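Colleague: I have not looked at this structure before. Could you take me through it?

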Amino acid sequence: MGIRSTFVLLWVALSVGCAADAGDVAADGGAGDHSVPAGDRDRAAADTEWFTDRAPAVGLDFVHVNGASGAFHYPELLPPGVGLLDYDNDGDLDAYLVQGQLLDAGRTPANARMPPTQSMPLMGRLYRNDLQAQPDGSHAPRFTDVTTQSGIDADGYGLGVAAGDVDNDGWVDLLLTNFGPNRLYRNDGDGTFTDVSGPSGIAPAPGFAVSAAFVDYDRDGWLDLYVGYNVDYRLDSGIDCATMADARDYCPPETYGGTPDHLYRNQGGGQFVDVSDTALVGGRFGPALGVATADYDGDGWADIYVANDGTENLLWMNQRDGTLRDAALLSGVALSGLGVTEASMGVDAGDYDNDGDEDLFMTHLTREGNNLYVNDGAGSFRDRSTTSGLGPGSMAYTGWGTSWFDYDNDGWLDVLAVNGTITARQGRADHQFPYDQRKTLFRNLRDGHFADVTEQAGVVFQRSEAGRGAAFGDVDNDGDMDVLVGNNAGPVQLLINNVGNRSHWLGLRLVDVAGRDALNARVAVRRQDVETVWRRARSDGSYASANDPRVLIGLGASVDRPAVEVWWPSGHREEWHDLEIDRWTTLREGDGAAGRLTP
């Protein structure tokens, strides 16, 4: 068979999976007899807009361009990621939005199907948020494009964003992943950034990185960097793929093969050295798409989970000696419960069952169903995708950005997924990039099951876009989690949460002895006659996106002022008592009581 016929067959299996027209139909909740309780149905009737898209109203006028020109270059499928970060240290979240480029030399905006209003040249954009006081005492976000004055010149083909303070100066820095060289921008603390990609040791060589995560894996007080790489793709590959109907479309990732991920160790001051060859032991690298760092076995050292597209996933367990060993297969998270590889894309870690350990959720291809892996506390997992309802409830969708988050602040983590197909949907002349689907929202029923509450979530959940990245954070500082969504070849969305802060909450910014956000610090929230709730500070997870590093804990109807125990990444534990609720509070390492070294 010729090369084209061969890859037609390769693509058939994936094309069949995406044939269902899931963009305009509701997905089954998949929770068996566990329907939404009557009280919630009454509340849904009264409050029809749990989330509203406020992006245009608050100044986020960004439109993503993937450069698609009909050549079906594989990178066009994957962007964009998005980021929420407080780059100016004013206490509210700003936004970074990833932009694409034209991949075909000689093409013009007209024949590249670009929005007529999109300005040239194309580059990623930084928006500053200035919260504005409202008559009722609340604050509303207001974003201003500050890209030009920031000095960020992100003119590559952007895919993702990661955020972390790499030089411990108290100002968050930016790592941008590209189809091409990645770029590291140091925050200068005066509203500007400097490109330090070369001097920092982050290899400037071309590559195809999507998701990345800052993590202090060696506990030396400096943030290291894990970069997940996708496929070995070249623009001149000369490979064409098609659907069952013999219509040309994008090739699957196995067409090109995966490339190794990279781990960069921070030697201090934001100076990195690539330790991939010596530190990453025993892994079979695949096309990486999602990265989530957490202490999965409870030993006090950060581990790294990597969601690979169509190959075995990786679980890098920290050996506490500067190395990490892949334990995904033995831990039960390399394959599905049926023992097959799946197209893992977005991923997040969180304690959904409130038992004190980090569970895993990841999004997958249509007809594979999203996965829930439940941790036993020692880093071994069970696949509960089917029994939880999360797997069956997502069969009609191809998921990307996702997160565990407590949208209604009842103290139990729910889950949202941003969706979009990888094969073109027929009859979508109204869509510039016809790879669109709806978002989905699942509510935690507190018994190991989830209910699909997408229909009650608001009009924005009925819209169909080619969703990709999603960043989660409290954009208006009102005590509930909002969502910034990046759409491929479409406008950005800002989903403002209108329901979460009707319950009580506790907001914490955790700052370590170096003065930076203490990524992977764990928080135990203790109240009288209420079970302990565990949460974690992190900026990674989801898909190609950077999240709010602060910790938001839903307290439900409880008005008790809780005690909090913080397990710092350094190994110290500290306690704070009688914390005020319904407000944001900063806790600094060294200021608490009963600090001691963890064994």
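Modeller: Let me begin with a term: two residues are in contact when they have heavy atoms within 4.5 Å of each other. Please also keep in mind that this is a predicted model.

Colleague: Noted. Which residues is Leu78 in contact with, leaving aside its neighbours within four places in sequence?

Modeller: Leu78 touches Leu159, Phe208, Val210, Asn230, Leu289, Trp400, Arg468, Asn488 and Tyr543.

Colleague: And which residues have the most contacts inside the largest nonpolar core?

Modeller: They are Tyr74, Leu77, Leu78, Phe208 and Val210, in a core of 29 residues. Apart from that core lies another, made up of 21 residues, including Leu441, Val460, Val483 and Trp584. As a general point, nonpolar side chains in soluble globular proteins tend to be buried together.

Colleague: How does the lining of the largest cavity divide by class?

Modeller: It has 9 nonpolar, 4 polar and 9 charged residues.

Colleague: What about the second largest cavity: how much space lies in it?

Modeller: About 80 Å³. Its lining consists of 13 residues, and Tyr96, Ala154, Gly158, Leu176 and Asn178 are the closest to its centre. Strands β8 (158-164) and β9 (173-178) each supply at least two residues of that lining. By class, the lining of the second largest cavity comprises 5 nonpolar, 7 polar and 1 charged.

Colleague: A change of topic: in what sense do β13 and β16 pair?

Modeller: Strand β13 (residues 224-229) pairs with strand β16 (residues 262-266) in the antiparallel sense, over 3 bridges. Within this pairing, Leu225 stands opposite Tyr264 in β16.

Colleague: Which residue is the bridge partner of Asn266 in β17?

Modeller: The partner is Phe272. Strands β16 and β17 (residues 272-274) also pair in the antiparallel sense over 3 bridges.

Colleague: How many residues lie between the strands in the hairpin of β16 and β17?

Modeller: There are 5 residues between those strands, and in this hairpin Gly268 takes a positive phi near 120°.

Note on methods. Residues numbered from 1 in each chain as written. Predicted model: local features only at pLDDT ≥ 70, side-chain atom pairs only at ≥ 80, totals over all residues. Heavy atoms only, no water. Pairing = 2+ DSSP bridges. Helix = DSSP H or I, 4+ residues; strand = E, 2+ residues; numbered from the N terminus. Core = buried A, V, L, I, M, F, W, Y, C linked by side-chain atoms within 4.5 Å. Buried < 20%, exposed > 50% of the residue type's maximum accessible area, 1.4 Å probe, protein only. Nonpolar A, V, L, I, M, F, W, Y, C, P; charged D, E, K, R; others polar. 1 Å grid on protein atoms, 1.4 Å probe; cavity = no way out; pocket = protein on both sides within 12 Å on 5 of 7 lines; lining within 4 Å. Points joined across faces, edges and corners; volume = space filled by probe spheres on them.
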